[in-house]
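Thank you for letting me take a few minutes of the meeting.

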Amino acid sequence: APPGSDTYKGWLFKWTNYLKGYQRRWFVLSNGLLSYYRTQAEMAHTCRGTINLSTAHIDTEDSCNIVLSNGGRTYHLKANSEVERQRWVTALELAKAKAIRMRNNQSDDSGDEEPASQSDKSELHGPLKTLSSKLEDLSTCNELIAKHGAALQRSLSELESLRLPADSGEKIKAVNERATLFRITSNAMINACRDFLDLAESHSRRWQRLLQHEREQRSRLEETIEQLAKQHNSLEQRALEGTSSTGCLKASVPAGSVQSAKGEASDEDEETEYFDAMEDAPAFITVTADPKHHRRSGSNLSGASEGHPEDWNLEDSVFESSNQSSYNESTGRDLLPRKRRRTRIPDKPNYSLNLWSIMKNCIGKELSKIPMPVNFNEPLSMLQRLTEDLEYHELLDKAVKCESSTEQMCFVAAFSVSSYSTTVHRTAKPFNPLLGETFELDRLEELGFRSLCEQVSHHPPAAAHHVYSRRGWTLWQEITIASKFRGKYLSIMPLGVIHLEFHSSGNHYVWRKVTSTVHNIIVGKLWIDQSGEIEIVNHKSKDKCQLKFTPYSYFSRDVPRKVTGVVSDADGKAHYVMSGTWDEKMECSKILHSSHGSTSTEGKQKTVYQTLSPKVLWRKYPLPENAENMYFFSELALTLNEPEERVAPTDSRLRPDQRLMESGRWDEANVEKQRLEEKQRAVRRRREAEAVEALEEGKDYEGYIPLWFERKADAVTGELICVYKGGYWEAKDKQDWSMCPDIF
């Protein structure tokens, strides 16, 4: 390959040591790196050494030698001839200049704002970078020509000064004249290249201005589109609210004609709504049934999805009582009046976060010993955040009254979505629980349930949760948090299965959580999104509900934070459509029949469900007054860290650093947090030493054993899960906490 190409290969002699001297090696110059091998065959598996030319110094000792030095590494190379040496020097100089440009470009590009602008920039700047690269190559060649031309002129002048025979002098004179012509021609080429370079640079500046103008135009266009999208969504919301207010909760469907197999449309009432089914939903045969007489038509009804609209209007239906009361209202006649609890906490201090003060305190420390300040936290632990899933527990209380398992599935689905409603403004992270830390929420007399969480593992962090309700249900789960930092955003993936069982019916529901994403980690305002799918399965009746959390997009026509789903029975027959948003409300619509719709762009045929008017199953409680200064806590979250008597000494309410942070004493909280973390590390080191000692003695070492939970194989999923083994509430009644470890 020519010296100016991206790759240059060849044989050179490399100095090894005083015993072996120069040894023949195969050198490869590529992407600013010079590598060498003993033979050409070694290129496939063994590289003997590499030097980076972007920071290397290139020198020539004599007519055939080359010296490359980069820090403490030096290569002494020798070519077969002066011509070969000159080819290598030219290739090395060009590769070094190109490597320096690449390094500078990478450092310049590191500050780009958006991934989309990265691709646009590379596309628009491609010709500019290529032209600039070629111009740099020409400039380097110009310098080399001038340098070597001057050396040639000096050598010829020295030859002329020597006393040589007459015929030799004539030949030297002729060579000198040719060298002069070469110099004149080279100077002309250099001047032409310099003019071209100036012209290209002036055009490059003009292109830069045009590019900047286009970027600003695109930015303004994106802002305009975003505003239009918000206005469009607002108008759609108003239209939907107007429709639902006039339609009330009853839907009358006229006796339309039976739809034929050819797909002729029937007359529908204005209150009948249509939903595009999820692409993963099964396809159903199209039928239209008489809603009053529930007629069947022919053999085409075998796979039809039909419903009884008269069931939708029953006054004693659980759906009719789905309008929720506020958090401070009683939810059951058989329960005692609620205890007055606090409705506010101290306002969040306006402390500025100095990243440099954090970084300089981390110099020289192990990564595991770097304390993260409470500035990133909210004054709740992960155990308390897990308990917040119960804020809308009355959905499960209503689900107990459902006679139909598919109807009950709707309430369970709404409950699974409601647990994300508190995250929309909560960008701060909760405190990581210490190993053995617990949190109880005893609302048995007020709300009918009692909850217990325990941190059962520290690496990886895992929390076990158990809830018993005297209203007829039990919930348990073990959640492990996995996270991945992806540059501009952080993905938080809860791993584990949530179990819910209803006592009277024996219906056992299982589902998993979706992925939470925290955006603008480095620059900009933090915001959270939920994305993914939830499959809720009733392992007794085999009913299923597929919920899809649509990720947020500026250019999507969908409502932000949209959630859609379909409830189907064991035979795959769809009964209800779920729709709403995870930060506001969830609605349920009963399906009359389903039909094949148009084919999507991906080639999949969507199913269209004809439904009755939707009914609201869940609506988010409004945030308390001044919530923006109280970490955007809900009414339940404000009470979770409220001091209570008779709790275990390992309860999160007694954690000193968390209490200091809630009081606004952040500096003291940081000191206390560091003390607790160091105490936990000392306990872990002692446990590791005990494990080593037991191993040396040939004994088994069980490691940390949870206090209130035990690990068993789940009968439904087959996975190992920590389940409540009992004893906590009995110990609380006796106030016997002697078995609790000293973690605070």
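**Charged pairs, a helix and the cores**

Let me begin with Glu 697 and Lys 699, whose side chains meet in a salt bridge at 3.3 Å, N to O, where a salt bridge is a side-chain nitrogen of Lys or Arg within 4 Å of a carboxyl oxygen of Asp or Glu. Glu 697 counts as partly exposed because its relative accessibility is 46%, and Lys 699 counts as exposed because its value is 54%; in these terms, buried means under 20% relative accessible area, exposed means over 50%, and partly exposed lies in between, with a 1.4 Å probe and protein chains only.

Before I go on, please keep in mind that this is a predicted model, in which local features need pLDDT of at least 70 and side-chain atom pairs count only at pLDDT 80 or more, while totals for chains, interfaces and linings use all residues. Residues are numbered from 1 along each chain as its sequence is written, and side-chain values use heavy atoms, with hydrogens and water left out.

How many salt bridges does a search of the whole structure find? The search finds 35. One of them joins Arg 512 to Glu 719, with the closest N and O atoms 2.8 Å apart. This pair links distant parts of the chain, 207 residues apart, since Arg 512 sits in the loop between strand 17 (508-511) and strand 18 (515-519), and Glu 719 in the loop between strand 26 (709-713) and strand 27 (720-724); helices (H or I, at least four residues) and strands (E, at least two) are DSSP runs, numbered from the N terminus. Arg 512 is partly exposed at 39%, and Glu 719 is partly exposed at 35%.

Arg 653 and Asp 651 also form a salt bridge, their closest N and O atoms being 3.0 Å apart, and here both residues are buried. They belong to a network of salt bridges that also links Arg 341, Arg 443, Glu 446 and Glu 644.

Now to helix 11, residues 666-696. Which residues of helix 11 are buried? Among them are Trp 666, Ala 669, Glu 672, Lys 673, Leu 676 and Gln 680. Just after helix 11, Gly 698 takes a positive phi of about 75°.

Strand 10 contains Pro 430, which is buried, with a relative accessible area of 13%. Pro 430 touches several residues beyond four places away in sequence, including Asn 377, Leu 380 and Arg 385, where contact means heavy atoms within 4.5 Å. Pro 430 and Leu 380 are 50 residues apart in sequence, and their C-alpha atoms are 5.4 Å apart in space.

Finally, the largest nonpolar core has 64 residues, and Trp 473, Leu 500 and Trp 511 are among those with the most contacts inside it; such a core is a set of buried Ala, Val, Leu, Ile, Met, Phe, Trp, Tyr and Cys residues joined through side-chain atoms within 4.5 Å. Its largest share, eight residues, comes from helix 8 (residues 405-418).
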